[in-house]
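This report goes through a structure chain by chain. Please have the sequence and the model open while reading.

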Amino acid sequence: MTSPTAHRPTTANSPPAPVVRDPNYNFGYLDESTKRMLRRALLKAVAIPGYQVPFGGREMPLPYGWGTGGIQVTASILGPDDVLKVIDQGSDDTTNAVNIRRFFARVAGVATTTRTREATIIQSRHRIPESPLREGQIMVFQVPIPEPLRWLEPSEAETRTMHALAEYGGMHVKLYEDIAQHGRIATTYDYPVIVNGRYMMRPSPIPKFDNPKLDMSPALMLFGAGREKRVYAVPPYTRVESLDFDDHPFAVEQWDAACALCGARDSYLDEIILDDRGTRQHVCSDTEYCTERQLAAQGGKP
Amino acid sequence: MYVAVKGGEQAILNSYRLLDEYRRGDPTLPELSVAQIASQMPLAVARVMAEGALYDPQLAALAVKQAAGDLIEAAFLLRAYRTTLPRFGATLPIDTSAMHLQRRISATFKDVPGGQVLGPTYDYTQRLLDFSLLAEGREPASPPSSGQGLDPHMPRITDLLRDEALLEDDASAAGDPEPVDLTREPLELPAARSARLQNLARADEGFLLSMGYSTQRGYGNTHPFVAEIRYGTVEVEMHIEELGFAVTVGCLEVTECQMVNQFAGRPGQAPCFTRGYGLVFGYGERKAMSMALVDRAMRVGELGEPADAPANDQEFVLYHSDNVEASGFVQHLKLPHYVDFQSNLDLLRRLRAGTCPLKAGVVPPANASGDGHAVASADDSAASPTKEVLAS
Amino acid sequence: MTAARPLLSARTLTRTWDGVHGCRDVSFDLYPGEVLCIVGESGSGKSTLLQALSWQTPPESGSVWYDTREHGFVDLAILDDAQRRLLARTDWGYVYQHARDGLRMHVSAGANVAERLMAVGGRHYGQLRSSASHWLQRMEIDPIRLDDAPSSFSGGMQQRLQIARNLVTHPRLVFMDEPTASLDVSVQARLLDLLRGLVSDLGLAAIVVTHDLAVARLLAHRTLVMRAGQVVEAGLTDQILDDPQHAYTQLLVSSILQH
């Protein structure tokens with residue numbers, strides 16, 4: 001993606017130099033007509049909540065599987081006044097999140113932030129931030145496989161027909177089977193949902209812990225799958241229901257432990273292995289949420 | 001005390017520097033020039049242009065250099081670059097019957113008008129490592145004297161067969177519809193032939209080779225013959241509105257392979273040969289031939305033939321043929337997946353805490369997403385730190 | 001048995017894959033609760049006919065009419081794909097010769113049976129499970145096998161499970177393609193008995209394709225005899241088997257008696 005010689009060498013301890021906007025690229029890398037095409041697809045997606053809209057995806061300078069769908073969605077909705085936050089596994093500092101943020105800094109020069117409250121667009125891989133979202137914010141999810149029925153039916157032609165006819169019985173077979181074998185539903189992430197009472201959707205590999213955040217959210221949720229060339233959307237204040245049975249209702253994880261850094265009991269916790277005796281600790285997956293709580297506890301202003 | 005890891009950005013920058021060093025190799029050796037790569041590794045450059053879907057030998061050579069010889073990575077570089085290029089318009093279709101030929105062979109007739117022209121080919125070399133190439137400075141062999149030159153009259157074999165009505169007609173469909181452009185629109189199934197051919201032209205050579213090979217080994221046999229292979233240069237013309245006629249805007253090297261296959265005929269249609277077609281940028285015979293085999297294999301539906309082999313399955317072939325897509329998705333598994341792994345770990349611990357054996361014949365559970373992240377065996381038998389609560 | 005109008009009618013139904021082989025010019029009426037057998041040797045076109053009747057492939061010419069619950073007695077050609085698919089999943093059943101073609105082999109018997117119920121909105125696990133258990137018992141499968149996958153069942157049990165899976169939505173018409181042909185002779189008789197009882201208890205209509213005249217004798221009220229794609233004789237099963245008129249039927253019947 002970037003030539004190493006475009007960056008001044010840094011020592012191990014000084015922070016990296018900020019990325020400079022590269023005027024050789026159109027704002028957001030994609031040309032305007034491609035962005036328009038994408039926005040038209042997104043409008044269609046918003047008009048039919050949960051429905052996968054095909055779009056003419058382009059190759060991006062990051063590989064397929066690294067978030068090209070999310071990047072194309074963000075590129076097509078990004079404006080010069082936007083404030084962009086990018087997270088992966090809940091953290092702003094994972095290599096993939098850093099990479100994407102640097103990409104947009106280079107091709108858009110847009111302001112970036114780690115603070116969820118300040119962001120207008122939040123591109124995320126595998127988590128929804130703990131801080132509640134508000135009206136006017138847009139979540140962009142990176143999606144590897146958009147099709148919830150893909151495990152059941154490899155053929156795209158057939159799954160499109162199943163969606164058209166709302167033939168979702170096969171997915172319930174999977175859930176039934178889990179209960180028969182294990183007494184509970186065994187799906188823990190990328191948990192299938194029904195959007196607006198009609199289309200079955202994959203919320204991307206977020207843990208099921210995050211599914212309730214999709215339901216009736218004030219924010220707009222956009223989903224981009226670059227390799228499969230599909231976008232879909234959940235408009236603000238839309239019902240999103242996780243699949244379950246009447247007598248086996250949907251349940252989320254809860255930890256006995258609290259976050260070792262900030263004491264939170266209501267956030268998704270990552271397990272850290274501390275030594276070779278297997279000592280474990282739990283810390284918030286959402287690093288910004290955790291940092292904010294720590295600062296607040298110390299009485300300091302962020 | 002656990003301290004959250006920072007420094008992702010610095011790690012990335014360091015990796016750039018290490019990569020630069022790796023690519024340069026031994027600094028006491030002269031650096032490879034892009035011109036050398038373009039000139040002395042034309043087959044690598046051809047493959048990168050074909051799979052990068054962009055005809056520019058110099059850029060392709062640059063990509064090969066930047067990718068340190070990884071041709072799939074180089075194709076990716078060209079594809080990403082292609083995204084930034086504006087499109088002026090469409091050319092007229094190239095006319096391979098007017099090709100300035102370097103090579104032209106046919107397996108279907110002993111002799112053909114214009115003759116068999118072997119050209120520069122590895123076909124008849126003996127695959128013995130030539131250690132004299134270890135030293136530099138060997139003078140290349142002088143090319144054979146051209147004598148009379150090539151016969152100007154080199155009709156395409158397939159045109160001859162078609163004129164005798166032995167080969168299916170290749171006229172455009174009624175109304176001469178625009179070909180599908182997969183770089184602008186997503187693939188729709190069932191795919192039009194133009195979309196399939198475009199997909200195959202950009203496809204990974206190894207994948208097509210294996211798929212084509214499978215058709216020869218009984219997975220959907222179509223009894224192919226090479227009617228003709230042509231390699232050479234064609235002119236590229238564009239119709240200019242303001243001028244009212246077409247002008248030549250450049251030329252391309254291409255390799256074309258036309259295969260003919262037998263066809264039993266159908267009610268109302270006399271038996272005739274059917275076509276499998278392959279066309280690639282640059283000199284790429286193996287790819288062009290594989291493409292022709294797979295093209296024909298995917299036509300079984302429209303020809304009323306049985307369609308039960310992998311190469312007959314349009315979805316299977318077209319969705320897995322692109323190595324830039326495949327490489328990205330396979331390699332994305334290196335990215336952090338610990339949040340999802342965490343939730344699987346917890347479930348497994350809970351299941352093991354209340355262990356019940358799997359019932360007879362049942363496949364062990366996977367995530368509903370079916371992405372292969374099945375619940376794995378773990379050594380840890382500690383009670384799970386999590387429980388589940390109803391979502392409020 | 002003779003109701004006011006047929007449940008299904010075929011009119012000059014033709015479906016071939018090369019203009020010659022398949023079924024040609026087939027016409028008949030099937031009434032509610034009636035079992036019709038289509039008998040013939042391999043290559044007679046009987047399986048093609050079954051596929052055409054169940055609209056798995058559209059006919060080349062001719063028509064198939066069905067008395068739908070919502071649209072009345074209609075030519076299936078006027079329904080759209082969605083309507084036909086819904087019909088196939090609720091009011092029809094299709095039993096394949098090989099149970100693995102009609103079952104999910106690595107999912108439990110219970111899930112196999114409950115699937116159609118879930119597809120039409122069943123959302124109570126406990127009730128789905130007890131419905132599935134009830135059907136297993138009805139098909140003489142020990143309900144203790146409810147959570148076992150059919151890959152661990154015997155051939156006869158798999159076939160009975162496939163049938164149960166088709167019957168949970170109380171279809172009025174079941175298509176069966178050689179339902180006993182893949183089973184041991186000792187097991188066939190038991191399955192046929194079970195089918196006969198079910199058909200009568202549930203008032204099912206059925207179209208059963210078979211090469212085995214004994215199946216026709218046991219199950220079918222009426223029989224069509226096919227040869228080289230065409231129906232050569234049709235009528236009450238007993239009459240056809242006891243007093244065949246057409247030379248080919250006579251040959252069929254006599255060759256059976258010789259065994």
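## Terms and basis

Two residues are in contact when heavy atoms of each lie within 4.5 Å. The model is predicted: local features need pLDDT of at least 70, side-chain atom pairs count only at pLDDT 80 or more, and totals for chains, interfaces and linings use all residues. Residues are numbered from 1 along each chain as its sequence is written, chains are lettered from A and ligands numbered from 1 in the order in which they are written, and side-chain values use heavy atoms, with hydrogens and water left out.

## Domains of chain A

Chain A is divided into domain 1 (32-148 + 188-242) and domain 2 (254-302); these bounds come from an automatic or database domain assignment. The centres of the two domains, taken over C-alpha atoms, are 25 Å apart. In domain 1 of chain A, 15 residues are in contact with 11 residues of domain 2 of chain A.

## A:S91

A:S91 sits in the loop between strand 2 (83-88) and helix 3 (95-108) of chain A. Helices (H or I, at least four residues) and strands (E, at least two) are DSSP runs, numbered from the N terminus. With a relative accessible area of 8%, A:S91 is buried; buried means under 20% relative accessible area, exposed over 50%, and partly exposed in between (1.4 Å probe, protein chains only).

Not counting residues up to four places away in sequence, A:S91 touches A:V86, A:A97, A:S285 and A:T287.

## Chain B

Chain B holds 12 helices and five strands. Of its 392 residues, 40% count as buried.

## Helix 2 of chain C

In helix 2 (residues 81-90) of chain C, the buried residues are C:R84, C:R85 and C:L87. Seen down the helix axis, they fall within an arc of 160°, so they line one face of the helix; the arc is that of the directions from the helix axis to the C-beta atoms. Their cover includes helix 4 (156-164) of chain A, together with strand 4 (61-68) and strand 6 (92-95) of chain C.

## A sheet in chain C

Six strands of chain C form an open sheet in the order 6-7-8-3-9-10, with mixed pairing; two strands pair if DSSP finds at least two bridges between them. Strand 6 and strand 10 (230-236) of chain C stand at the edges with a single partner strand each, so one side of each is left without a neighbour in the sheet.

Strand 7 (residues 173-177) and strand 8 (residues 205-210) of chain C run parallel and are joined by five bridges. C:L173 has C:A205 in strand 8 of chain C as its bridge partner.
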